[in-house]
Amino acid sequence: MDKVLPQSRRYSELDWLRVILIFAVFLHHIFMPFNGDGWHVMNNESSKVLDDIMVYFEQLRLQTLFFIAGAGSLLLLQKMSAKSFMISKFHRLFIPLLVGMILIVPPQNYIENIADYESLLSAYSQLMWSFDNNHLWFIEFLLIFMLLAIPFKRFLDGATGTVWLKWLERLSQSQYGLLSLGLVLVIVRGLAKYLMPDDSHHIENLSLSLFYVLFFFAGMSFIYSGQIWQTLALHRRTYLISLLISSLLFYAYYYSPDLSPYLSLTARWQIWWLVCSLVSWSGLLTMVGFASAYINRTPTWLQQTNELIYPFYILHQTVIVMLAFYIVQWQAGIMVKSLSLLVSAFIICAALCYWVIKPFNLMRYLFGLKILSKD
């Protein structure tokens, strides 16, 4: 079996995809006040077309980010001990999560219930100790998944793991092999949603955490074997065709007439989770396949962006919510408001990352960045 040697090259495709997908999360939250979906701050006018587009891309972003996180965890565990890995993740995930819940999230809750407080400052005394993770649930999931990465890496290193990886290698040789694993996602998600129909973003919501951890473990498994990773690029066009077909099925069902006379509510939800899972899996394989085929370099600017994208993520939703509260009150159309929110939020988040967080070791530590050497 061709095992990965992480020190032999940098996986530039992961750098690019991580930055692109986090920016896609940023864009998603930029447009949330305008899609009629009942977010923290809502515009009086909403766009159904915008909502129809956004619901599709919800199937692609976070799933692939968890896959990337799994791949990155495997590479790190090949370089350091399990103890060092755990200490690193405590400093780079738990501390920023704690800081985010105490300092970054409260303004969102204040804006959402602004009539209940005298001022933002007075609201902090009540909100900062509620430890609401809000949009930082993604970091909470990562923290738990990183702990699971240690025993899963040991599994991959063992005899049973070797059998699993050899089977995956044989499966990956077929252009439809890795695509067929999407059936596992369909079964797991459908069964989990049937048994635990919970829509919350809490780690104890197994219908969500089990779904995402499969992507995380897939990232670890695929990058463990150089042979599997190479086939992602080799079969990329097949994956793209599968994504197009899955997308057609997704929107065919999304725009289908009322099926309640023919199908129970449970059956209709099961079909929904099926088409969503197909889009998620084929989209993941397509993105990673094309990125692996065409991206082989991480320019200097991207290395810096890849570092700062983490504090950017921690800050972005709070900045968006606070700006949106005032922007939605303008007498202007959705396009003007959304573009104004996009530009202003991006400038503020980028400026805070570059001039407030990046230069100072205390701020770097609080937001999960490596400490700068004093040399």
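Modeller: Happy to! Contact means heavy atoms within 4.5 Å. By that rule W281 touches L178, L179, L181, G182, L185, F215, A218 and F222, leaving aside residues up to four places away in sequence. This is a predicted model, in which local features need pLDDT of at least 70 and side-chain atom pairs count only at pLDDT 80 or more, while totals for chains, interfaces and linings use all residues. Residues are numbered from 1 along each chain as its sequence is written, and side-chain values use heavy atoms, with hydrogens and water left out.

Colleague: What makes a set of residues a nonpolar core?

Modeller: The set must consist of buried Ala, Val, Leu, Ile, Met, Phe, Trp, Tyr and Cys residues joined through side-chain atoms within 4.5 Å. Buried means under 20% relative accessible area, exposed means over 50%, and partly exposed is in between (1.4 Å probe, protein chains only). The largest such core has 100 residues, and W281 is one of those with the most contacts inside it, along with F66, Y212, M220, F222 and W229. Helix α15 (residues 300–327) supplies the largest share of this core, 13 residues; helices are DSSP runs of H or I with at least four residues, numbered from the N terminus. Another core, of 11 residues, lies apart from it and includes V55, L60, F250 and W273.

Colleague: Why is the pair of F141 and F145 called edge-to-face?

Modeller: Rings of Phe, Tyr and Trp (its six-membered ring) pair if their centres lie within 6.5 Å; planes under 30 degrees apart count as stacked, over 60 as edge-to-face and the rest as tilted. The centres of F141 and F145 are 5.9 Å apart and their planes stand at 70°, so the pair is edge-to-face. Both residues are buried. They are separated by about one helical turn because they are 4 residues apart in helix α7 (residues 137–157).

Colleague: Why does F23 count as partly exposed?

Modeller: Its relative accessibility is 31%, so F23 falls in the partly exposed class. F346, with a relative accessible area of 40%, is partly exposed as well.

Colleague: How do you know that the charged end of R236 sits over the ring of F290?

Modeller: The test asks for NZ of Lys or CZ of Arg within 6 Å of the ring centre and within 35 degrees of the ring normal. The charged end of R236 is 5.8 Å from the centre of the F290 ring. R189 lies over the face of F211, at 3.9 Å from the ring centre.

How values were computed. Helices (H or I, at least four residues) and strands (E, at least two) are DSSP runs, numbered from the N terminus.
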